[in-house]
Amino acid sequence: GIVTRMAAAAFGDRAPGLVRIMPVKALADNADQAWIKDGWVGIRYAIEAGADIVLCAWSIGHVSPAESAILERARERGVLVVASAGNFAGSGDQFPAAHESVLAVAALDREKRKIERSNHGAFVDLSAPGVDVTSAGARSDADYATRDGTSPASAMVAAAAALVMAQHPSYSREQVIACLKDSAEGIDSLNP
């Protein structure tokens, strides 16, 4: 299982139908808090290791020039970074999601309404289910947890991007983003 809240997908030779998952450890063993202290280092590692998609199920309210440069490097290399919009119930920017090169994901309930604690705003690109999602936990290799929020929602979007890339290995990151956005359902009327 993925024991961090960060993973990357690599397609190697980009053979149709092939997806490999690269867990990226960015959380210390036996950490008291599941906070990502070295997330930016993890993104850089995934880029250099050949990832095509990087999932960042974490966020922070600021980005330094050095951190922004890491995200620009991802774009230059054709790497799609998908990140959670944050769980602070506001419209303030959260990074890496709010960086213009990143695909930012908010969380929805079963009725396609933004969940109360999901961040929102102009920086959000897509929304995905974010209630009662069971996934790998952060405490051990065998840990599972049911969570609400933008982290599981962003994981669903990263998985959808991986499926698009697996079916269309020649697609660029921009084509994958366009495919995801073009196939999304409009929910503005449910979320004024």
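Which hand does the crossing of α3 and α4 have, left or right? In this predicted model, the crossing is right-handed. The two axes come within 10 Å and cross at roughly 115°. By class, that is 8 nonpolar residues, with no polar and no charged ones.

Helix α3 covers residues 150-167 and has 18 residues. Its first and last C-alpha atoms lie 26 Å apart, close to the 26 Å expected. Among its buried residues are Val157, Ala158, Ala161, Ala162, Val164 and Met165.

**Nonpolar cores**

| Core | Residues | Members include |
|---|---|---|
| Largest core | 25 residues | Trp40, Ile43, Val54, Cys56, Leu71, Val81 and Phe123 |
| Another core | 20 residues | Val82, Val164, Met165 and Ile177 |

The members named for the largest core are those with the most contacts inside it. Elements α1, β3, α2, β4 and β5 each supply at least two of its residues. Helix α1 gives the largest share, 4 residues. Leaving aside neighbours within four places in sequence, Val81 is in contact with Val54, Cys56, Leu71, Ala74, Val102 and Leu103. The core of 20 residues lies apart from the largest one.

**Ser64**

Ser64 sits in the loop between β3 (53-56) and α2 (65-76). Ser64 and Phe95 are 31 residues apart in sequence and 9.9 Å apart in space, C-alpha to C-alpha.

Terms used: Residues numbered from 1 in each chain as written. Predicted model: local features only at pLDDT ≥ 70, side-chain atom pairs only at ≥ 80, totals over all residues. Heavy atoms only, no water. Expected span 1.5 Å × (residues − 1). Buried < 20%, exposed > 50% of the residue type's maximum accessible area, 1.4 Å probe, protein only. Axes fitted to C-alpha atoms, helices over the stretch in contact; angles between N-to-C directions. Left-handed = near helix turned anticlockwise from the far one by under 90°. Nonpolar A, V, L, I, M, F, W, Y, C, P; charged D, E, K, R; others polar. Core = buried A, V, L, I, M, F, W, Y, C linked by side-chain atoms within 4.5 Å. Contact = heavy atoms within 4.5 Å.
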